[in-house]
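Biologist: I am new to this structure. Please show it to me, and let me ask how you know what you say about it.

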Amino acid sequence: MNKLLRFFAVIVGIIQLGTAAGLPSSGGKWQGFERGMGIGGWLTNYKRFNVLPENKRLDLTVGDFEHFDSFITEDDVRKIKSWGFDHVRLGFDQIVLEEAPGKYRERTFRKIDEFIAWCDKYGLNIVLNLHKSLGNYCDIPEKIQLMDDEILQNRFIALWLEIERRYHDHPDIAFELLNDVRDVDPEKWNALADRAIRAIRAKNRERWIIVGPVAWNNPPELPSLRIWDDPKVVYTFHMYAPGEFTHQRGVLKDWALYWNQIVVYPDKNCDRIKHRPDPRPFDKAYLASEMRNAFEFKRQHPDKILWLGEFGTIRHAPKESRINYMRDVISLAKEHGIPYCVWNYLSTPNDGNRFSLVDDDTREFLSEELLKACLGE
């Protein structure tokens with residue numbers, strides 16, 4: 001009998017250990033993070049730096065701080081929850097929170113404090129996403145690259161440790177280490193991500209930590225991403241194919257600006273798109289092909305959580321096409337058990353890539369059909 005009791009005690013201990021480690025249930029299902037809304041234009045992408053002189057790009061002005069104080073309010077959070085989303089992905093830039101190495105901006109951290117309080121009030125889960133780090137801006141050239149500079153890497157890790165210190169008592173907040181990792185050596189990124197994960201784990205074993213691959217988190221690079229023996233590491237990717245549709249007539253990409261074409265989705269006759277070498281039609285089969293590495297990741301790692309953290313279409317794409325695209329991408333994600341987060345709630349008027357889903361003034365969804373598509377209905 002004593003042996004039998006000891007046997008059951010061991011089994012119970014194993015179960016309790018698994019629970020304490022935060023093991024995901026249902027084969028990698030991410031409870032509470034199934035359909036989300038990205039928030040850009042507030043603490044990231046609030047102005048584009050590529051048109052500024054190099055010595056002015058990392059300055060924050062009076063107008064910037066006024067923008068941080070007013071752009072997103074409690075009512076925005078209330079609306080996002082009322083529509084049926086269960087989490088938000090809040091992007092922020094390193095310079096918005098860090099004035100100098102080891103010196104942090106209390107004023108903007110208080111905005112995040114307020115935002116977290118609003119999300120707690122309305123029952124929204126949160127992903128804190130480092131959208132632009134020093135040495136890894138996706139839309140301006142930088143002389144010093146994050147992956148090649150130990151000083152910038154130490155600041156990167158120190159920032160996350162500061163965020164962990166401040167929000168240690170909010171265990172359900174997920175930390176997304178870095179958005180849109182540039183097209184760099186994947187092993188350099190794997191090594192830096194590993195350092196950051198180890199540093200956070202030394203402070204908090206329960207924190208959700210999100211990591212995506214290089215080349216702007218695109219699905220083809222998922223196989224190059226390290227897999228951690230850690231049940232609370234979430235893997236992410238972005239989906240913007242076909243770029244000719246999602247970024248049409250954008251001003252930040254030379255080909256989109258040059259060709260200046262209106263592109264629809266779905267489109268069986270892509271020959272008219274002059275700059276497109278790929279003859280395949282734009283349809284759901286095309287999207288599935290572009291997402292195949294994500295589906296293969298899920299097949300190979302059924303115990304891991306894979307999250308489609310960002311996708312969408314530029315604001316001025318044809319309205320019906322935006323609905324069709326969001327519906328098809330979300331349908332494919334759901335078919336493969338992949339939770340998702342749409343991009344994005346609201347963009348500033350001076351953002352060259354406006355992907356916003358709501359009206360600038362009323363902050364209501366641009367159409368009921370677009371809302372239903374984003375909810376996967």
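Modeller: Start with proline 186. Leaving aside neighbours within four places in sequence, proline 186 is in contact with Val214 and Ser224. Keep in mind that this is a predicted model.

Biologist: What makes these pairs contacts?

Modeller: Contact means heavy atoms within 4.5 Å. Proline 186 meets that rule with Val214 and with Ser224.

Biologist: How far apart are proline 186 and valine 214 in sequence and in space?

Modeller: They are 28 residues apart in sequence. From C-alpha to C-alpha, they are 6.0 Å apart in space.

Biologist: Where does proline 186 sit, and why is it called partly exposed?

Modeller: Proline 186 is in helix α7, residues 186–203. Its relative accessibility is 23%. Buried means under 20% and exposed means over 50%, so a value in between is called partly exposed. Proline 186 therefore counts as partly exposed.

Biologist: Let us turn to charged pairs. Why is the pair of aspartate 64 and lysine 47 called a salt bridge?

Modeller: The side chains meet at 3.1 Å, N to O. The cut-off for a lysine nitrogen and an aspartate oxygen is within 4 Å, so the pair qualifies. The two residues are 17 residues apart, and the pair links distant parts of the chain. Aspartate 64 is in helix α2, residues 62–70. Lysine 47 is in the loop between β1 and α2.

Biologist: Are aspartate 64 and lysine 47 buried or exposed?

Modeller: Aspartate 64 has a relative accessible area of 6%, so it is buried. Lysine 47 has 18% relative accessibility, also under 20%, so it counts as buried.

Biologist: Why can such side chains pair?

Modeller: Side chains of opposite charge can pair when their charged atoms come close.

Biologist: What makes arginine 89 and glutamate 176 a salt bridge?

Modeller: Their closest N and O atoms are 2.8 Å apart. That is within 4 Å, so the pair is a salt bridge. Arginine 89 is in strand β2 and glutamate 176 in strand β6, 87 residues apart.

Biologist: How do you know whether arginine 89 and glutamate 176 are buried or exposed?

Modeller: Arginine 89 has 0% relative accessibility. Glutamate 176 has 1%. Both values are under 20%, so both residues count as buried.

Biologist: What about arginine 354 and aspartate 360?

Modeller: Their side chains meet in a salt bridge at 2.7 Å, N to O. Arginine 354, at 18% relative accessibility, counts as buried. Aspartate 360 has a relative accessible area of 28% and is partly exposed. Elsewhere, salt bridges that share partners join Asp69, Arg107, Lys111 and Glu114 into one network.

Biologist: How many salt bridges does a search of the whole structure find?

Modeller: The search finds 32.

Biologist: Next, aspartate 267. Where does it lie, and how do you know whether it is buried or exposed?

Modeller: Aspartate 267 lies in the loop between α10 and α11. Its relative accessibility is 7%, under 20%, so it counts as buried.

Biologist: What does aspartate 267 touch?

Modeller: Not counting residues up to four places away in sequence, aspartate 267 touches Arg272, Pro281 and Phe282. A polar atom of its side chain also lies 2.9 Å from the backbone nitrogen of asparagine 269.

Biologist: Which residues of helix α12 are buried?

Modeller: They are Ala294, Phe295, Phe297 and Lys298.

Biologist: How do you know which side of α12 they are on?

Modeller: They cover an arc of only 155 degrees around the axis, which puts them on the same side of α12. What covers them includes β8, α11, β9 and α13.

Biologist: Now the open spaces. What lines the largest pocket?

Modeller: The lining has 33 residues. Trp216, Asn218, Tyr240, His247 and Lys253 lie nearest the pocket's centre. α9 gives the most to the lining, with three residues. The space in the largest pocket is about 920 Å³.

Biologist: What makes a space a cavity and not a pocket?

Modeller: In a cavity a 1.4 Å probe fits but cannot get out, whereas a pocket is open. The count comes to one cavity of 30 Å³ or more. The largest cavity has a volume of about 50 Å³. Its lining includes Glu244, Trp255 and His275. The largest share of that lining, three residues, comes from α10.

Notes
Residues are numbered from 1 along each chain as its sequence is written. This is a predicted model: local features need pLDDT of at least 70, side-chain atom pairs count only at pLDDT 80 or more; totals for chains, interfaces and linings use all residues. Side-chain values use heavy atoms; hydrogens and water are left out. Buried means under 20% relative accessible area, exposed over 50%, partly exposed in between (1.4 Å probe, protein chains only). Helices (H or I, at least four residues) and strands (E, at least two) are DSSP runs, numbered from the N terminus. The arc is that of the directions from the helix axis to the C-beta atoms. A polar contact is a pair of N or O atoms within 3.5 Å; within protein, one must be able to donate a hydrogen and the other to accept it, and residues adjacent in sequence count only if both atoms are side-chain atoms. On a 1 Å grid over the protein atoms alone, a cavity is a set of points where a 1.4 Å probe fits but cannot get out, and a pocket is an open set with protein on both sides within 12 Å along at least five of seven lines; lining residues have an atom within 4 Å of a point. Grid points are joined across faces, edges and corners, and a volume is the space filled by probe spheres set on the points.
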